[in-house]
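Open your viewer and get ready to click along. We will begin with the whole molecule and then visit a few places one by one.

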Amino acid sequence: SYLQEQAEILRQHIPEIADPERGEKLKGDLMQVGMDYGFTAEEMAHVSDARYVRALNDARKYRQLVAKRAQAQQKGEKARPVVKAGVKRPANASQVKQAKTAQSRMRKTGSVDDVTNFLLS
């Protein structure tokens with residue numbers, strides 16, 4: 001009766017474990033996580049407390065999350081930097097110098113051509 005009670009608790013907290021298809025894979029993953037923590041296969045086979053299985057399931061989910069985060073970081077390193085729409089690119093030194101000379105020429109002469117050159121620079 002104790003084992004049936006623990007199995008029911010597991011079905012409430014981890015409903016995938018009762019699914020015939022996903023349940024077998026989940027059980028295998030839980031066994032692997034337990035072995036990664038140093039438990040033997042025999043120890044894992046004799047676990048009868050639902051709390052241990054829930055803790056192993058949380059450890060399994062955490063490991064999957066960490067693995068996905070590492071993959072996302074690697075993928076993000078390869079990505080090009082995001083450029084926002086409407087943001088000017090930083091000007092290089094020669095463009096800045098040309099703009100300043102056009103502005104000073106425009107202020108000195110005030111001619112239409114110098115104003116146009118300043119606005120287009």
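Here is a short tour, from the overall view down to single residues.

**Before you start.** This is a predicted model, in which local features need pLDDT of at least 70 and side-chain atom pairs count only at pLDDT 80 or more, while totals for chains, interfaces and linings use all residues. Residues are numbered from 1 along each chain as its sequence is written, and side-chain values use heavy atoms, with hydrogens and water left out.

**Stop 1: the whole protein.** Show the cartoon. How many helices and strands does the protein have? There are six helices and zero strands, so the pattern along the sequence reads α-α-α-α-α-α (helices are DSSP runs of H or I with at least four residues, strands are runs of E with at least two, and numbering starts at the N terminus).

Now zoom out. Along the principal axes, the C-alpha atoms fill a box of roughly 100 × 25 × 20 Å. The radius of gyration is 33 Å, whereas a compact globule of 121 residues would have one near 14 Å (the radius is taken over C-alpha atoms, and the globule rule is 2.2 Å times the number of residues to the power 0.38).

Of the 121 residues, 17% are buried (buried means under 20% relative accessible area, exposed over 50%, partly exposed in between, with a 1.4 Å probe and protein chains only).

**Stop 2: Met-44.** Select Met-44 in helix H3. Is Met-44 buried or exposed? Met-44 is buried, because its relative accessible area is 9%. Leaving out residues up to four places away in sequence, Met-44 touches Leu-30, Met-31, Gly-34, Phe-39 and Leu-56 (a contact means heavy atoms within 4.5 Å). Try the distance tool on Gly-34: Met-44 and Gly-34 are ten residues apart in sequence, and their C-alpha atoms are 6.9 Å apart.

**Stop 3: Asp-49.** Move along to the loop between helix H3 (41-45) and helix H4 (50-78), where you will find Asp-49. Why does Asp-49 count as buried? Its relative accessibility is 9%, so Asp-49 counts as buried. Show side chains here: those of Asp-49 and Arg-51 are joined by a polar contact of 2.5 Å (a pair of N or O atoms within 3.5 Å; within protein, one must be able to donate a hydrogen and the other to accept it, and residues adjacent in sequence count only if both atoms are side-chain atoms). Apart from neighbours within four places in sequence, Asp-49 is in contact with Tyr-2 and Gln-6.

**Stop 4: Asn-57.** Next, select Asn-57 in helix H4. Asn-57 counts as buried because its relative accessibility is 3%. Which residues does Asn-57 touch, not counting those up to four places away in sequence? They are Ile-14, Leu-26 and Leu-30. Ile-14 is 43 residues away along the chain, yet the C-alpha atoms of Asn-57 and Ile-14 are separated by 8.4 Å. The side chain of Asn-57 also makes a polar contact of 2.7 Å with the side chain of Arg-60.

**Stop 5: Val-82.** Finish in the loop between H4 and helix H5 (93-109), where Val-82 sits. Val-82 counts as exposed because its relative accessibility is 78%. Now pick Glu-5 as well: Val-82 and Glu-5 are 77 residues apart along the chain, and 54 Å separates their C-alpha atoms.
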